[in-house]
Amino acid sequence: MLFRSKGYAHNNSLSPEILEQGLNDPDKSVRSYVAKHPDMNEDLIRKAADHEDKGVRGAIAERTSGSIPEDVIRKLASDKEASVRKRLINWSSGSAYKKMPADVLDQLSKDKNADIRAAAVGHPKATKEMIDRAVEDKNAQVRFNTLNNKNLNSEHISKLRSEE
């Protein structure tokens with residue numbers, strides 16, 4: 001197969017057709033490299049966001065080069081795999097993290113996975129309402145991550161102290 005060499009997947013002048021082939025390479029690490037490739041166009045990013053391999057979907061969530069369409073951010077925020085949602089919210093240098101829609105961030109702050117809730121309330125765009133919920137979260141890490149948020153107020157701090 002064309003992508004047997006991971007170095008080839010890092011070639012900065014690959015056509016969309018070649019990149020699409022790379023998304024289906026038998027080697028999952030090659031698929032992940034290709035998903036982060038700077039020449040991935042929006043159509044390929046959308047296809048990769050639907051890929052059966054959670055590693056490919058997670059690599060899209062972590063993309064730092066180029067942009068990620070908002071519909072893809074929304075899709076990944078609802079991914080069945082917590083690891084994909086976590087990569088979306090944890091990757092602070094990623095395109096999705098930087099342009100996270102407020103309603104998607106709110107959705108992630110209510111996620112059933114505590115690591116995802118904790119990351120969401122640590123996001124710079126987390127709202128006061130998200131912090132209100134988080135300071136009363138049953139998970140200590142979620143409560144702790146509120147300390148990194150600019151919307152934390154004295155009432156929140158009092159609630160956190162009463163937990164001690």
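**Talking through the model**

Reader: Is arginine 31 buried or exposed?

Author: Arginine 31 counts as buried, because its relative accessibility is 13%. Here buried means under 20% relative accessible area, exposed means over 50%, and partly exposed is in between, using a 1.4 Å probe and the protein chains only.

Reader: Before we go on, what kind of model is this?

Author: This is a predicted model, in which local features need pLDDT of at least 70 and side-chain atom pairs count only at pLDDT 80 or more, while totals for chains, interfaces and linings use all residues. Residues are numbered from 1 along each chain as its sequence is written, and side-chain values use heavy atoms, with hydrogens and water left out.

Reader: Thanks. What does the side chain of arginine 31 meet in a salt bridge?

Author: Aspartate 53, at 2.8 Å from N to O. A salt bridge here is a side-chain nitrogen of Lys or Arg within 4 Å of a carboxyl oxygen of Asp or Glu. Arginine 31 is in helix H3 (residues 28-35), while aspartate 53 is in the loop between helix H4 (42-49) and helix H5 (54-61), so to speak a link between distant parts of the chain, 22 residues apart. Aspartate 53 is also buried, because its relative accessibility is 14%.

Reader: How are the helices defined, and how many are there?

Author: They are DSSP runs numbered from the N terminus: H or I, at least four residues, for helices, and E, at least two, for strands. The protein chain has 13 helices and zero strands.

Reader: And what box do the C-alpha atoms fill?

Author: Roughly 60 × 20 × 20 Å, taken along the principal axes. Of the 164 residues in the protein chain, 45% count as buried.

Reader: Back to charges. How many salt bridges does the structure hold?

Author: It holds 18. One of them joins arginine 87 and glutamate 62, with the closest N and O atoms 3.0 Å apart. Arginine 87 sits in helix H7 (residues 82-90) and glutamate 62 in the loop between H5 and helix H6 (70-77), which puts the partners 25 residues apart. Glutamate 62 is buried at 10% relative accessible area, whereas arginine 87 is partly exposed at 24%.

Reader: Which residue does arginine 74 meet in a salt bridge?

Author: Aspartate 103, with 2.6 Å from N to O. Aspartate 103 lies in helix H9 (residues 102-109) and arginine 74 in helix H6, so this pair ties together parts that are 29 residues apart in sequence. Aspartate 103 is partly exposed at 45% relative accessibility, and arginine 74 is partly exposed at 31%.

Reader: Which residues do salt bridges with shared partners join into one network?

Author: Lys36, Glu62 and Arg87.

Reader: Switching to H9: which helices do its buried residues pack against?

Author: H6, H7, helix H10 (114-122) and helix H11 (128-134). The buried residues of H9 are Val104, Leu105, Asp106, Leu108 and Ser109.

Reader: One more, near the end of the numbering. Where does histidine 156 lie?

Author: In helix H13 (residues 154-162). Histidine 156 counts as buried because its relative accessibility is 0%. Apart from neighbours within four places in sequence, histidine 156 is in contact with Lys128, Ile131, Asp132, Val135 and Asn151.

Key. Contact = heavy atoms within 4.5 Å.
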